[in-house]
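Please consult the sequence and the model shown below while reading.

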Amino acid sequence: MAAGVETVAEELRAAYGGGKTRDLEWRVSQLKALLKIINLHENEIVEALRSDLNKPEYEAFVHEIAGASSACKLALKELRRWTMPEKVKTTMTTYPSSAHIVSEPLGVVLVISTWNYPFILSIEPIIGAISAGNAVVLKPSEVSPATSAVLSKLLGEYMDTSAVRVVEGSVPETTVLLEQKWDKIFYTGNSKVGRIVLAAAAKHLTPVVLELGGKSPVVVDSNIDLKVSPLIYQKLRNNPRILYFIYFVFCFFLKVAARRIISGKWGCNNGQTCVSPDYVITTKEYASKLVDAFACEMENFYGKDPLQSNDLSSVVNSRHFDRLINLLDDEKVSGKIVLGGQRDKTKLKIAPSIILNPSEDSLIMNEEIFGPLLPIITVDKIEDCIGIITSKEKPLAAYLFSNNEKLKNDFISNVSSGGMVINDTTLHLAEASLPFGGVGESGMGSYHGKFSFDAFSHKKAVLKRGFNGDVSVRYPPYTNGKLNFVKAMLSGNILRIIRALFGW
């Protein structure tokens, strides 16, 4: 075990106690140092991600480097505004007074990162922690050792290590870290370890953010709303040109839906993403068309032999590879593979695979897949999708492809999930104005943009009063007149207040 792990929280608490991390200029200097790391060491980061995950350079840049850079630039731009006290209204109860909400740092925080996006999922919480004025310890994932080593080296070189520290290692180091007292723990990973983190935090009453996962559904509606009345539609059906147009729109909708699902599934670390589509729901008559669209677009993207494609990440290690093959070779699944299924263990690659109507009690339908396998389940009516989704644990994300406004509204109103996208997948993560986080089994707490700052801040209520306006009604001895005046004040009725003042 690395030296100093047992006392790292205590050491950083001394730095925090000295007040340096509260200083706005210190926060700015550390954010600029992070941005410098990103800008000057892009190639090193890309190579680490390639070593850990065989991640394509495009995905490494777009999903990790550019995302981290944008988050850092936003924090630098908005930091002074975020840290300003927020003025709020007061009532007659405290008149005359003024009130503010003051954001103050929590103290010394622990960030436990994960392996699938090992750079940005380490850097972005650190950006939030530093912006809010905290000292922070990062524990990167040992499952992505190359990126862990790069983070340790670069943060050690560029950051103020008296207040920002990296602890490498595996379970023993994490266990020792969790035994220490922190002012907040930010964990990204699976729900099994999330429960361990939560239990450890409870011993010290430490608040937590848990960014977990779940089975994120995609609903694909077969009904295209062309925004014309039924009467006009019936007349148009007799016109061959209009019928051709309707068919063209149908094909376009299907193609776009397929491409966006593929992008969110296989184009995001080959399915090893917490918000990747986990299963698709569509109607029975539409399923075959959707499978055909997937097959066509995937060949366009990854060629006839996707195992040879350089645009698909590898499975992270042999343990996860065997887990995924176990899902694929389940007797309740193996006979229902309609696309893909090829695998190459030497390269840790599994071809994008579609499974049509696997059994509800199969393994693939009862655990988060986190890989390149995508089941499609069919329903008689697309409206039945809501009941299927709500019968399961709340997912981290939910997606709907439809032009039906009623279905959209019902989906938004009735499906509880961490986030939601209509007519696309995963893009909500790109919007810093939207919080990213789970609900129920998919996690607790959120971050991104100002929400990252808020996640590592305490919102302190501050009420200011002078020495004027002191009224005897709040002090003993309590009389009926005082009680009547309090009731009048709380009612907000001016006439009643005047009557109470004069004892009428």
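Pro96 sits in the loop that joins β1 (86–88) to β2 (97–105); helices (H or I, at least four residues) and strands (E, at least two) are DSSP runs, numbered from the N terminus. The model is a predicted one, in which local features need pLDDT of at least 70 and side-chain atom pairs count only at pLDDT 80 or more, while totals for chains, interfaces and linings use all residues. Residues are numbered from 1 along each chain as its sequence is written, and side-chain values use heavy atoms, with hydrogens and water left out.

The bond that links Tyr95 to Pro96 is cis, and its omega is near -10 degrees. A cis peptide bond also runs from Pro476 to Pro477, with omega near 0 degrees. Pro477 belongs to the loop between β20 (457–465) and α16 (480–491). Most peptide bonds are trans, and most residues other than glycine have a negative phi.

## Positive phi values

Asn269, a residue other than glycine, has a positive phi near 60 degrees. Its loop runs between α10 (240–265) and β9 (279–283). With a relative accessibility of 0%, Asn269 counts as buried; buried means under 20% relative accessible area, exposed over 50%, and partly exposed in between (1.4 Å probe, protein chains only).

His448 is likewise not glycine and has a positive phi, near 100 degrees. The loop between β19 (446–447) and α15 (450–455) holds His448. At 6% relative accessibility, His448 counts as buried.

## The largest pocket

Grid points are joined across faces, edges and corners, and a volume is the space filled by probe spheres set on the points.

The lining of the largest pocket has 47 residues, and Tyr187, Gly189, Asn190, Ser191 and Lys192 are the closest to its centre. Two or more lining residues come from each of α7 (171–179), β6 (184–188), α8 (191–202) and α12 (318–328). The largest share, five residues, is given by α8. By class, this lining has 19 nonpolar, 15 polar and 13 charged residues; Ala, Val, Leu, Ile, Met, Phe, Trp, Tyr, Cys and Pro count as nonpolar, Asp, Glu, Lys and Arg as charged, and the others, Gly among them, as polar.

## The second largest pocket

The volume of the second largest pocket is about 700 Å³. Of the 34 residues that line the second largest pocket, His63, Ile120, Thr426, Leu429 and Ala430 lie nearest its centre. The elements α4 (57–83), α5 (120–131) and α10 each give two or more residues to this lining. The most, seven residues, come from α4. The lining of the second largest pocket divides into 16 nonpolar, 13 polar and five charged residues.

Ala99 is part of strand β2 and is buried, at a relative accessible area of 8%.

Leaving out residues up to four places away in sequence, Ala99 touches Glu86, Lys87, Val88, Thr90, Val462 and Leu463 (contact means heavy atoms within 4.5 Å).

How values were computed: On a 1 Å grid over the protein atoms alone, a cavity is a set of points where a 1.4 Å probe fits but cannot get out, and a pocket is an open set with protein on both sides within 12 Å along at least five of seven lines; lining residues have an atom within 4 Å of a point.
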